[in-house]
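Take a look at the protein below.

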Amino acid sequence: MIKFKIKAAKWTLSIFIFATACLYSQNISKSNLSIYKIHGTIKGDITDKFAYLYYNNVEDSVKIVNNNFEFKGTLSDTVSAQVYIKSAENAPQFYLENNNIDIQISANKVNKDGKSVEIMHIDGIKGSHSSEIQQEYLNFYQLNSGKKDFNKVLYSKLTVFLKKHRSHPFSGAILAELAMVNPILSKKELNTLYSALDITKQTDQDLRFFKKGIDRLGTYAVGKPFLDFELPDQNGTLVHLNKFNGKIILIDFWASWCAPCRKKSPELIALKQQYLATNFEIIGISRDKNSKQWNAAIEKDKLDWINLLDQDQKIESSLGIENIPYNYLIDEKGIIIGINLSTTEISKILSANTKKT
């Protein structure tokens, strides 16, 4: 095995729990191994000769043979780990433990900022006890998320769940997501749950994201005024938020290279059409660096609303947004009434609050 130094740019991690948890198999090995064995398979047309593993400042590499690789080692605790190839732009995250773990990965070319880049994705994992913990939470979430009092049900579940798994890094990832991406719980509730964690076992990134999310919930929470801003539109004309006073506004953060963002566009178009004769408006704010690619995506997806460009991500930075797509729903007075809502949730709010024009 070859030791190496990792480029910092590789470690752009995601805390989207449900993007990975649903991929994990419940075929769990119950053996108490003193070492970990990772067998990986990469699907895709790759030319890389080595696969790389990173966790807790440990850096390792092994040769790829016929799109297969294998790592071996030992751990004292379950840790958050990443595996990648040098040609890829990202390093997928998973939980590494002393067990026999099988990972299936796909490597695909995508267009980002006018360039073709390779993105890795974990398609499935078997043999990990951590997957059992993730699946438990995912099953609960999917079964209960439609309930009216879901915030209370979730808080009750996590009070027990985090106490049981206080030392597992997945617990910190849950709270980081609830603070940064999916603000269902209050700041007080999140801080109470956080106090149950063994923070020495959580990743620095999750702890940092949690703190950033908590700080944002204090400033830009539901019931608080939205950030005052001014950004250029497609013609380069500066557009100020106060132009939309008296309207209920959905501010959608996206980018032309963001596949989940583009996939959501038809839903937003249908939402706009449904409330076309009301005081509802959509404002798209993109983090694109390539304005031509941005304009091309707007035209191709037929995004018939105000589109603004935030190339330096100043607005996102002020709001503490790390991942896109992300949205805020704002009432006629500029007060936040929803954060990162689904189109179904937005429609319910609009049906009760919009006015015909």
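Strand β1 covers residues 36–43, and its side chains alternate. Y36, I38, G40 and I42 point to one face and are buried. Buried means under 20% relative accessible area, exposed means over 50%, and partly exposed lies in between, with a 1.4 Å probe and protein chains only. Strands (E, at least two residues) and helices (H or I, at least four) are DSSP runs, numbered from the N terminus.

This is a predicted model: local features need pLDDT of at least 70, side-chain atom pairs count only at pLDDT 80 or more, and totals for chains, interfaces and linings use all residues. Residues are numbered from 1 along each chain as its sequence is written, and side-chain values use heavy atoms, with hydrogens and water left out.

## Partners of β1

Which strand runs antiparallel to β1? Strand β4 (residues 68–73) does, joined to β1 by six bridges. Two strands pair if DSSP finds at least two bridges between them. G40 has F69 as its bridge partner in β4.

β1 also pairs with strand β7 (residues 100–112). Here the sense is parallel, over seven bridges. T41 has Q104 as its bridge partner in β7.

## A strand covered on both faces

Strand β6 (residues 93–96) is covered on both faces. Q93 and Y95 lie on one side, F94 and L96 on the other, and all are buried. Strand β5 (residues 79–84) runs antiparallel to β6, and four bridges join them. A81 has F94 as its bridge partner in β6.

## A buried loop residue

L341 sits in the loop between β15 (336–339) and α10 (343–353). Is L341 buried or exposed? Its relative accessibility is 13%, so L341 counts as buried. L341 touches K264, N327, L329, I346 and I349, leaving aside residues up to four places away in sequence. Contact means heavy atoms within 4.5 Å. L341 and L329 are 12 residues apart in sequence, and their C-alpha atoms are 8.0 Å apart.

## The whole chain

The protein chain has 10 helices and 15 strands. Its radius of gyration is 22 Å, close to the 21 Å that the globule rule gives for 357 residues, so the chain is as compact as a globular protein of that length. The radius is taken over C-alpha atoms, and the rule is 2.2 Å times the number of residues to the power 0.38.

Of the 357 residues, 51% count as buried. The C-alpha trace spans about 65 × 45 × 30 Å along its principal axes.
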